[in-house]
Amino acid sequence: ETVAAIGLEDADRILVNQGMWGMYVLDFRTVLGAEFDVATDLLMTLRQRKSERERDRIRDAASIADTVSEEVRSLDAVGMTENELAAEIEYRVRKHGATDKGTTQVQSGPNSAHPPHAYSDRTIEPGDPVIVDLGSRVDGYLSDQSRTVVYEGDPPAGFVDAFETVREAQEAAIDAIEPGVTGAAVDDVARSIIDDAGYEGQFLHVTGHGVGLGIHEPPYLMSGSYMDGGNEIPIEPGMVMTVEPAIYDDEWGIRIEDLVLVTDDGTERLTDSYHGWEPL
């Protein structure tokens with residue numbers, strides 16, 4: 001009766017959410033005998049362009065993250081562990097009105113050289129580059145940003161030059177985003193600046209990714225030189241994406257990440273907290 005009520009009794013192919021429990025999928029297959037597949041490709045295509053309501057939620061989430069980013073930059077973080085600073089970030093995100101936290105990473109010193117690292121019990125020391133990656137969630141919609149801070153002392157040799165290269169690569173990539181341009185082309189802009197400055201092979205991930213209900217969604221700013229197939233989907237107004245070039249040395253890393261909304265003729269930067277490496 002339930003199957004008939006929702007009109008599935010004659011379905012030959014049914015698409016389900018990728019997070020649907022296997023036990024329910026098996027029950028449906030037993031009752032219906034239909035072919036099952038995930039709805040990810042269909043739904044992601046629909047989700048790539050955000051409505052005005054969705055954009056407003058993401059703007060709110062980005063504003064909270066900006067506030068927390070600058071508050072955290074002003075803390076006396078030397079002597080804190082990465083875990084402690086991450087907990088401080090997540091507390092402040094909720095304190096400022098977020099429904100939930102976004103992704104939180106605190107990567108200090110040698111840990112900042114490894115992009116997948118989240119946080120640990122390592123103590124932040126003077127001279128450490130610290131990648132602070134944070135965001136918030138408002139009514140289901142996320143924001144995402146990264147800053148690299150040296151809280152105290154002098155940064156390592158070569159750090160300042162590499163930092164300015166990442167800043168240049170990010171600005172150029174954001175300037176390159178407009179309707180009709182592909183994600184692959186934007187990735188090439190950022191990657192060529194980093195490579196030409198002498199850091200070839202030290203930018204270890206994509207230049208950016210879509211953000212919405214999920215923290216990593218299409219479109220992806222990546223090129224065929226980085227990953228087979230690349231991303232040749234034209235960028236469209238209403239898409240929201242990160243731009244996050246980086247350089248990872250053997251002992252430290254730098255990542256600067258902002259969230260942008262694609263407009264009819266370029267971008268609206270949704271996160272814009274202080275970008276420098278110095279504390280406030």
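Colleague: Which element gives the largest share of the lining of the largest cavity?

Modeller: Helix H4 does, with three residues. Keep in mind that this is a predicted model. Strand S5 (129-134) and strand S8 (145-150) also supply at least two residues each.

Colleague: Which residues line that largest cavity?

Modeller: Ser69, Val72, Arg73, Val132, Leu134, Arg147, Val149 and Tyr151. By class, that lining has five nonpolar, one polar and two charged residues.

Colleague: And how much space lies in there?

Modeller: About 50 Å³. A search of the whole structure turns up one cavity of 30 Å³ or more.

Colleague: Switching to charges. How many salt bridges do you count?

Modeller: The count comes to 20. One of them is within helix H4: the side chains of aspartate 56 and arginine 59 meet there, with an N to O distance of 3.0 Å. The two are three residues apart, about one turn of the helix.

Colleague: Are those two buried, exposed or partly exposed?

Modeller: Aspartate 56 is partly exposed, at 34% relative accessible area. Arginine 59 is partly exposed too, at 25%.

Colleague: What does arginine 269 pair with?

Modeller: Arginine 269 forms a salt bridge with aspartate 258, with the closest N and O atoms 3.0 Å apart. That pair links distant parts of the chain: arginine 269 sits in strand S15 (residues 267-269) and aspartate 258 in strand S14 (residues 258-262), eleven residues apart.

Colleague: Why do you call aspartate 258 buried, but arginine 269 partly exposed?

Modeller: Aspartate 258 counts as buried because its relative accessible area is 0%, and the cut-off for buried is under 20%. Arginine 269 is at 27%, so it counts as partly exposed.

Colleague: Which residue forms a salt bridge with arginine 269 at 3.9 Å?

Modeller: Aspartate 272, with 3.9 Å between the closest N and O atoms. Aspartate 272 is exposed, at 52% relative accessible area. Through shared partners, salt bridges join Arg147, Glu171, Asp258, Arg269 and Asp272 into one network. Arg147 is also among the residues lining the largest cavity.

Colleague: Nice. What about a nonpolar patch on the surface, which residues form it?

Modeller: Leu15, Leu42, Leu43 and Leu46, with about 360 Å² of accessible area together. Helix H3 (residues 40-47) gives the most, with three residues. Leucine 43 is in helix H3 and is partly exposed at 36% relative accessible area.

Methods:
Residues numbered from 1 in each chain as written. Predicted model: local features only at pLDDT ≥ 70, side-chain atom pairs only at ≥ 80, totals over all residues. Heavy atoms only, no water. 1 Å grid on protein atoms, 1.4 Å probe; cavity = no way out; pocket = protein on both sides within 12 Å on 5 of 7 lines; lining within 4 Å. Points joined across faces, edges and corners; volume = space filled by probe spheres on them. Helix = DSSP H or I, 4+ residues; strand = E, 2+ residues; numbered from the N terminus. Nonpolar A, V, L, I, M, F, W, Y, C, P; charged D, E, K, R; others polar. Patch = residues over 30% accessible without salt bridge, like charges linked within 9 Å, V, L, I, M, F, W, Y side chains within 5 Å. Areas by Shrake-Rupley, 256 points an atom, 1.4 Å probe, with all protein chains shown as cover. Salt bridge = Lys/Arg side-chain N within 4 Å of Asp/Glu carboxyl O. Buried < 20%, exposed > 50% of the residue type's maximum accessible area, 1.4 Å probe, protein only.
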